[in-house]
Amino acid sequence: MAYRSTALAALLSLAALPAVAADLPSFETPVAVEAVREGWIVTLKATGVYTTKFEGSGKYGISGMPSLSIRRPGQPWKFGAPDDGFGFAVINTPSFQFGPVARVRGERDSSEDHKFRGFRDVDYAIEPGAFVEFYPLDVIRIRGELRHGFWGHHGFVGNVAADYIQRFDRMVVSIGPRTEIGDSSFMDTYYGVSAREAARNGRVTRYKAKGGVKSVGLASAITYDWTKHWSTTAFGRYDRLVGEAADSPVAKKLGTKNVFTVGLGVAYSFDFGR
């Protein structure tokens, strides 16, 4: 998963603010802030990430991403993993949430990885959709997202995640499995090889990628609340390509089947409109 979309991510975050008076659980930072009777609790966050340069590449690089979230005064704290999509809950109960969500998938610039010489570039993709999450136990969250891409790709893609969550005073620790699924349009955009690309590249043969499970993996995060306003989050994730993605020449000869992501985020929360 790419994290290189700073400008688009900021626009999506700001656009979500006036939609409804709701919290954004997907990027909400678990900072222990006191509720107020009026106004909002706003969290600003900056995150640095080290991961692959683009979908399918085996080269790594450092990138950054801002985010912003709000929640109603008095709403209880809700867990949000660093790799959740942008979203807000229109149905929000202690054990169930549902609402719109969006992600930004980074572009593929073949000039950033010489092994992809001859491949067409792929623009940034915006993926709006919906999310649902529930808590079968207080310490377990299960979340699913289904989205449709625009610009970079035009397929359907989904994520399923489960997290075991523990809070120790000022620290929150989470860990759990991850799965990503895509239809044939999504998979072929990033893991297919056209006859022209194969001829221009010279290292791979033509390949038509079908839909299915793209990857399985594991993610973990640790957040520490230094004060009621400031917190930091360190996180890591491992994804293993499977199925059509793993069988693609993109993964076998040009990129990698194993994707590692590590990051560090700093968040500041404050009361607004009191």
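Leaving aside its neighbours within four places in sequence, which residues is Pro-100 in contact with? Keep that one in mind while we look at the chain as a whole.

## The big picture

What you have here is a predicted model. The chain runs to 274 residues, and 49% of them are buried. Its secondary structure comes to 5 helices and 13 strands.

Let's turn to contacts along the chain. Among those with a separation of 6 or more, 68% are between residues 24 or more positions apart.

Pro-100 sits in strand β5, which covers residues 96-105. Once you set aside neighbours within four places in sequence, its contacts are Phe-86, Gly-87, Phe-88, Val-90, Gly-129, Ala-130 and Phe-131.

Take Phe-88 from that list. Phe-88 and Pro-100 are 12 residues apart in sequence, and their C-alpha atoms are 6.2 Å apart in space. Is Pro-100 buried, exposed or partly exposed? Its relative accessible area is 30%, so Pro-100 counts as partly exposed, since that label covers values between 20% and 50%.

Now for the inside. The largest nonpolar core has 21 residues, and the ones with the most contacts inside it are Phe-116, Phe-119, Tyr-190, Tyr-191, Val-193, Leu-241 and Val-250. Three helices each supply at least two residues of this core: α2 (184-191), α4 (243-247) and α5 (249-254). The largest share, 4 residues, comes from α2.

Beyond its neighbours within four places in sequence, Phe-119 is in contact with Arg-108, Ser-110, Gly-192, Val-193, Glu-197, Asn-201, Val-204, Val-250 and Leu-254. There's also a second, separate core of 5 residues, including Phe-79, Ala-81, Tyr-135 and Ile-165.

## A nonpolar patch on the surface

Which residues form a nonpolar patch on the surface? They are Val-90, Ile-91, Phe-96, Phe-98, Val-132 and Phe-134, and together they have about 470 Å² of accessible area. Strands β5 and β6 (125-137) are the elements that give two or more residues to the patch.

Ile-91, one of the patch residues, belongs to strand β4, made of residues 91-92. Why does Ile-91 count as partly exposed? Because its relative accessibility is 40%, and the cut-off for exposed is over 50% while buried means under 20%.

Notes
Residues numbered from 1 in each chain as written. Predicted model: local features only at pLDDT ≥ 70, side-chain atom pairs only at ≥ 80, totals over all residues. Heavy atoms only, no water. Core = buried A, V, L, I, M, F, W, Y, C linked by side-chain atoms within 4.5 Å. Buried < 20%, exposed > 50% of the residue type's maximum accessible area, 1.4 Å probe, protein only. Contact = heavy atoms within 4.5 Å. Patch = residues over 30% accessible without salt bridge, like charges linked within 9 Å, V, L, I, M, F, W, Y side chains within 5 Å. Areas by Shrake-Rupley, 256 points an atom, 1.4 Å probe, with all protein chains shown as cover. Salt bridge = Lys/Arg side-chain N within 4 Å of Asp/Glu carboxyl O.
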